[in-house]
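This briefing goes through a protein structure topic by topic.

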Amino acid sequence: RDIGVSGVQTCALPIYFDKEGGEEGRSFLGDGGEAPEELLAGLEPEAHLADFLPAGSVDSGESWEVPVTAFVRMMNLSGNLGLVQEGDTESADDTEYSRQFDENLSGSILATLVEQGDGVARIELKAKLGTRILTEEEITEGEVSGSLSEEHEFSFTLEGQLLWLVEPGLPRALSLEGPLSLVMTTDQQQSVPGHELRMLERQHLEGTLGFEVTAR
């Protein structure tokens with residue numbers, strides 16, 4: 001079957017299944033030449049956005065907790081596709097920064113079934129999430145030695161909705177938007193013969209974070 005998602009991200013990668021539902025293989029679409037098979041290793045054959053759904057049946061007005069991993073999967077539709085931009089040596093999803101963003105993500109996501117009719121379920125989403133990325137390195141250059149650490153702390157509160165097609169059990173659209181806060185702290189310490197130097201810089205940035213996903 002073909003899995004296609006249009007929106008901020010667009011992908012079209014087929015996953016083949018046997019009659020019993022077991023996976024047979026994965027491949028690229030088209031005849032664009034040979035590509036390393038390891039680029040498909042991170043492709044996850046799962047229904048997009050299904051992590052936002054409840055574990056069992058619910059009635060209109062009922063709520064349930066959504067695991068924060070659903071947000072990570074939403075940002076990486078179809079899994080880590082191993083997309084490497086020209087000039088880079090690894091996928092942006094494989095960098096230490098990206099890994100820390102996903103692994104340190106915490107908070108809560110609350111979903112509520114608002115209504116269901118004409119084969120479409122409308123699910124209200126409210127999320128309060130945050131994450132932290134810390135990088136550290138030692139500095140040695142001539143007589144100068146020291147360290148440099150950078151810490152990024154994200155916090156965001158998002159609200160929106162998921163439209164889900166009850167039959168055949170696929171998403172129609174998801175939207176989330178809300179305020180974002182980012183605190184960046186840089187701490188640099190240097191030692192030279194007879195002197196100690198420390199530079200501490202802190203920046204607080206605020207803005208709006210939004211996601212729009214449309215499935216087809």
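**Negative surface patch**

Glu136 has a relative accessible area of 66% and is therefore exposed. The model is predicted. Glu136 is placed in strand β6, and it belongs to a patch of negative charge on the surface together with Glu137, Glu138 and Glu150.

- Strand β6 spans residues 120–141 and supplies the largest share of this negative patch, namely three residues.

**Overall layout**

- The protein is built from two helices and nine strands.
- In sequence order, the pattern of elements is β-β-β-β-α-α-β-β-β-β-β.
- The protein has 216 residues, and 32% of them count as buried.

**Aromatic contacts**

- A pair of aromatic rings is described by two quantities, the distance of the centres and the angle of the planes.
- The count of aromatic pairs is three, with ring centres required to lie within 6.5 Å.
- In the pair of Phe71 and Phe211, the ring centres are 5.4 Å apart and the planes stand at 85°, so the pair is edge-to-face; the cut-off for that class is an angle over 60 degrees.
- Phe71 is part of helix α1 (residues 69–75) and Phe211 is part of strand β9 (residues 195–215), so this pair ties together parts that are 140 residues apart in sequence.
- Both Phe71 and Phe211 are buried.
- One aromatic cluster is formed by Phe71, Phe211 and Phe156.

**Salt bridges**

- Side chains of opposite charge can pair when their charged atoms come close.
- The structure contains five salt bridges, including the three described below.

*Arg99 and Glu96*

- Arg99 makes a salt bridge with Glu96, and the closest N and O atoms are 3.5 Å apart.
- Helix α2 (residues 96–103) holds both Arg99 and Glu96, which are three residues apart, or about one turn of the helix.
- Arg99 has 35% relative accessibility and so counts as partly exposed.
- Glu96 has 43% relative accessibility, so Glu96 also counts as partly exposed.

*Glu115 and Arg122*

- A salt bridge joins the side chains of Glu115 and Arg122, at 3.2 Å from N to O.
- Glu115 is partly exposed because its relative accessible area is 43%.
- Arg122 counts as partly exposed because its relative accessibility is 29%.

*Arg198 and Asp187*

- The side chains of Arg198 and Asp187 form a salt bridge with an N to O distance of 2.9 Å.
- Arg198 is in strand β9 and Asp187 is in strand β8 (residues 170–192), so the pair ties together parts that are eleven residues apart in sequence.
- Arg198 is exposed, since its relative accessible area is 53% and the cut-off for exposed is over 50%.
- Asp187 is buried, since its relative accessible area is 14% and the cut-off for buried is under 20%.

Methods:
Residues are numbered from 1 along each chain as its sequence is written. This is a predicted model: local features need pLDDT of at least 70, side-chain atom pairs count only at pLDDT 80 or more; totals for chains, interfaces and linings use all residues. Side-chain values use heavy atoms; hydrogens and water are left out. Rings of Phe, Tyr and Trp (its six-membered ring) pair if their centres lie within 6.5 Å; planes under 30 degrees apart count as stacked, over 60 as edge-to-face and the rest as tilted. Helices (H or I, at least four residues) and strands (E, at least two) are DSSP runs, numbered from the N terminus. Buried means under 20% relative accessible area, exposed over 50%, partly exposed in between (1.4 Å probe, protein chains only). Patches are made of residues with over 30% relative accessible area and no salt bridge: like charges are joined within 9 Å, nonpolar side chains (Val, Leu, Ile, Met, Phe, Trp, Tyr) within 5 Å. Accessible areas come from the Shrake-Rupley method with a 1.4 Å probe; for residues, only the protein chains shown count as cover. A salt bridge is a side-chain nitrogen of Lys or Arg within 4 Å of a carboxyl oxygen of Asp or Glu. Lys and Arg count as positive and Asp and Glu as negative; His and the chain ends are not counted. The place of a charge is taken as NZ of Lys, CZ of Arg, CG of Asp or CD of Glu.
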